[in-house]
Amino acid sequence: MNRVLKLLLSIALAGPLAAQDGVTFFETRVRPVLARACYTCHSAQAKTPFAGLRADSREGLLRGGDHGPAIVPGQPEASRLVAAIRHRSIQMPPAGKLPEEEIVAIEKWIAMGAPWPASPVAQSAKPTAAASKHWAWQSVQAPTGATIDGLIEQKLAATSLRLSPPAARRTLLRRLHHDLTGLAPTAEDYQAFEKESAESAVTRLLASPHFGERWARHWLDLARFSDAGFNNIRFGYGHAYRDWVIAAFNRDLPYNEFITHQLAADKLPGNAPGNLAALGFLALGADPHRASGIADKLDDRIDTTTRTFLGLTVACARCHDHKYDPIPTRDYYSLYGIFLNTVERLEPVATGPVAAHPYYDKQLARRLGQLDAYQRARIAELRTDARELEPKYRAAAVEARGMTGAQVENLARERNLNSYVLNRWLRKLAGELPGNPEEIPLEDFAQVQTEGDYNTTNNLAWEYRRLLSDAAFRLGAARAPAVRDRDEILPAHILIRGNPADPGERTPRRFLSLLCGDSCPEFRNGSGRLELARAIASPGNPLTARVLVNRVWTQLFGEGLVRTPSDFGTRGESPTHPELLDHLARAFIDDGWSVKRLIRRIVLTRVYQQTSASHAPGRERDPDNRLLWRQNRRRMDFEALRDAMLLASGRLDKAVGGPSFSLQSQPAEPRRTMYAHVERERAQALLRSFNTADPEQHTPVRYATTVPQQALFLINSPFVAEQAERVAARSQTIEEMYRAILGRSPGAAERDRAITFAGAANLRPAPQEPGAWRYGAARIDAESGRLMEFRPFAYFATGVGVPDAWQAGSLLPGAREGAARLTASGGAPGDDLNHAVARRWVAPSQGEISIQGTLALNLDAFDLRFGYTNGVRGRVIHSRLGQLGEWTLRHDKLNPNPTRAETKKEETNLHRVAVVRGDTIDFVVDALDDYEGDNFTWAPVITGAGGVWNAAKDFHGPDPGPLSRWGQLAQVLLMTNEFAFID
């Protein structure tokens, strides 16, 4: 690992919260993998640990075995454990390589320094006397007659400090705009505020539709929101959850209802269909597509739910009783039972009127039909196999009575039996399973599928999701991803050491004993999600209101009253102002759980409105400003910074809601940054550089770092250069430029320096000559074969793992051109002859040309078997001479048992084609009226007329050229601290 990465890791892991998160990461992402894959041979449960290695303690891994240390903290590339699980040396585990995401988690943990809980494993979670009296478990005790300012001043007086003077009016307005809407005030806003009270400004900003956008962004960090999940397959209609959260904050939905909708909107009688989008909180979580990943998926839900709403690290009790808090493993598996019986709906739910769309209705039904038909055919075969092996299963079940889950797993492996079916036989013999053990429910297909079944069903499901995502972009958000209860409610068991193959005693579905005592009622309404939601949202719950008001305080001050906002347990920090925390929590509940009233209550205080300027007594007595003798100076987060640049350039699109867009396109999409497309498994380097939330996990706090990548973005980014040039273009004077960027007029010295640097006149560089190639969508006349319209693509899109492409929108499919795009080697057409894709060559001079190229369509096994594409048609069209050639690659015969991939192709060579300067040659591809799966390759080479033009080699994005001097001045102003900081 290079020095830079180590440095970044050390920065990211600095501080108590980060160190604690490292332990949480180990408990939730690493220990369960070690327990499942390693402990059988490398722990205390093995009589003689294989090769002398024990993996159930940090010391054991550091000491290693016969071959030396297994891990080197901070150096995953030097760790033998990584080499083994990557199969670079010995191949561990012997049963097969771990999934990639588990390997990456172990590497990340070692890079963190291999954090491990320091205390011995607790044998029970009976609270100690100190833990029982921990402040967070006690009921909310609000002081009588208290005020926010009064409680702050009381603490300050004890150290002979006092609140700082009020911030300047200009500073206060900027602070309010940023905290309430995430948008910087304009020069006009500053001018209007001179005649407006702070109370009036707060009322206006709370009523703004952009309030919901700002506070939804904070919530999405907690909900680990992502537009795409496993294998970077997009969630169909995933943005509907984001839009629901925005609307909920804008209409000030009471927080207790906000909680209930996200956990159990489908269980509320008479609930409005639009609220079903709230279930994205559960539906858009981790989605590993493998049977062994079910436990990880449920752990993700438990961890996100309990940390977000309760500030508890319940997931640390997955493998053993919580080491620090009174949370026994049985409580973890009580929640596990709730989410075990909560499954994602493959089809999204309707959240409003849904208009019929024949093409999508037909194609989506076809994909679901293929998936259902395959699973039903295979489950019938697997049931037959199980019936034929009934004597073996029965005998093994008799022998397995009294065995542990791990022993049952080993017995099944020895007898070449399926462990899931064997466990059904055990349940049958114990009288827990009615019916025949061989009648495997279709819902449990993943438990018995083969590797081939896994590959086939995943590909069918992914193709369905791709088509669903396509429909979401084109048809609007009248649907949303959701969850439902299982048809057959399954019992939950404690999994010994977190191993799904080693179930222990049965656990009822119920709430945490920490919060309801030993008499917690069992949840009996289906999965129990509604009962769980109501227990969390109960006014008598001492955690829920405290956790939320602390999160709001954190966003308004940069630090919370509790500085570990997702861990109110004994390892978290105690509140700096416990009476204030309880005062806010009680007022929050009494105000009907209103987030807007809570924010209003806080931002109208003197402590919020004070200056952020420092002074010597404060630095000496309270250097960390825990007593709040001044406001904290804060820098804009990435979303606000990018939005501010768009606002300064006059391009910001303030429309609320809708599908996501790509940050990686030129020109930049002018929508607010919170709508940027985020992938869970392929986070963009730009977002990581600016400390945005990690969509793989709940993110309670964004770490503030200053790293070179941030400066490099501001200096070299095409986005910043584009906005700078646009500011320059709309600024007739230096006065106007300063007002657009900084919201004020320049001082005399600033004006003089600006004129010296950029000149008094805004001189623009001459436009550059375009090259010979153009890229766009086309309309074709079917009878004549002529190109009737050419629509240039507006965006050049780049990204990790995907080829650069010219296309109609920053993220496809586009509303008008659909999936049409062109890459260096080929592309994909739009829907039909009105939306074909055209690579255009413009003749620079007169002469004769020859054209060489190959139109090809690559078909993999799934294309051949299930017909993801029906083929494509290519044409070469001369602007004066009409169509010069036509080639069709059809795929209309399905192969039920393909043995290898195939390529359909046609040579598209043409000779002695006459052109004059300005003639166009269009290489057009259409979809044969079914655009799905139509990725083609066609990169022609044109020779003659004074040169050679190679479509692949000549392919490139827009060349903006150097910035003008006024553009450079604008970029300098966009990089100032005055622009980037809130105060």
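How many helices and strands does the secondary structure of the protein comprise? In this predicted model, in which local features need pLDDT of at least 70, side-chain atom pairs count only at pLDDT 80 or more, and totals for chains, interfaces and linings use all residues, the secondary structure comes to 38 helices and 24 strands, where helices (H or I, at least four residues) and strands (E, at least two) are DSSP runs numbered from the N terminus. Residues are numbered from 1 along each chain as its sequence is written, and side-chain values use heavy atoms, with hydrogens and water left out.

The overall dimensions were examined next. For 983 residues, a compact globule would have a radius of gyration near 30 Å, and the 31 Å of the protein agrees with this; the radius is taken over C-alpha atoms, and the globule rule is 2.2 Å times the number of residues to the power 0.38. The C-alpha trace spans about 90 × 85 × 60 Å along its principal axes. The accessible surface comes to about 40800 Å², with 52% of it belonging to carbon and sulfur atoms, as computed by the Shrake-Rupley method with a 1.4 Å probe, only the protein chains shown counting as cover for residues. The mean positions of the 121 positive and 113 negative charges are 3 Å apart; Lys and Arg count as positive and Asp and Glu as negative, whereas His and the chain ends are not counted, and each charge is placed at NZ of Lys, CZ of Arg, CG of Asp or CD of Glu.

Of the 983 residues, 56% count as buried, a class defined by a relative accessible area under 20%, with exposed meaning over 50% and partly exposed in between (1.4 Å probe, protein chains only). Among contacts (heavy atoms within 4.5 Å) between residues at least 6 apart in sequence, 71% join residues at least 24 apart. In soluble globular proteins, nonpolar side chains tend to be buried together. The largest nonpolar core has 158 residues, and those with the most contacts inside it are Trp-219, Trp-553, Ile-599 and Ile-741; such a core is a set of buried Ala, Val, Leu, Ile, Met, Phe, Trp, Tyr and Cys residues joined through side-chain atoms within 4.5 Å. When residues up to four places away in sequence are not counted, Ile-741 touches Ala-648, Val-727, Ala-970, Leu-973, Leu-974 and Phe-979. A second, separate core of 35 residues includes Tyr-775, Phe-793, Ala-820 and Ile-849.

Several helical residues were considered individually, with contacts to residues up to four places away in sequence left out. Ala-283, in helix H14 (residues 280–283), is buried because its relative accessible area is 10%, and it touches Phe-235, Glu-344, Pro-481, Ala-482 and Val-483. The C-alpha atoms of Ala-283 and Val-343 are 8.3 Å apart in space, while the two residues are 60 apart in sequence. Leu-340 lies in helix H16 (residues 329–340) and counts as buried at 18% relative accessibility, being in contact with Leu-298, Arg-486, Leu-490 and Pro-491. The C-alpha atoms of Leu-340 and Pro-700, which are 360 residues apart along the chain, are separated by 25 Å.

Two arginines in helices were also examined. Arg-378, within helix H17 (residues 358–388), is buried with a relative accessible area of 16% and touches Phe-445, Thr-450 and Asp-453. Arg-600, within helix H27 (residues 595–603), counts as partly exposed at 28% relative accessibility, and its contacts are with Glu-199, Val-202, Thr-203 and Leu-206.

Backbone geometry was then considered. Most residues other than glycine have a negative phi, and most peptide bonds are trans. A cis peptide bond joins Gln-666 and Pro-667, with omega about -5°, and Pro-667 is found in the loop between strand E7 (665–666) and helix H31 (685–689). The peptide bond from Leu-812 to Pro-813 is also cis, with omega near 5°; Pro-813 occupies the loop between strand E11 (805–807) and strand E12 (821–822). Ser-160, which is not a glycine, has a positive phi of about 60°; this serine lies in the loop between helix H7 (148–157) and helix H8 (169–181) and is exposed, with a relative accessible area of 60%. Tyr-237 has a positive phi near 65° and lies in the loop between helix H11 (209–222) and helix H12 (239–250), where Tyr-237 counts as buried at 1% relative accessibility.
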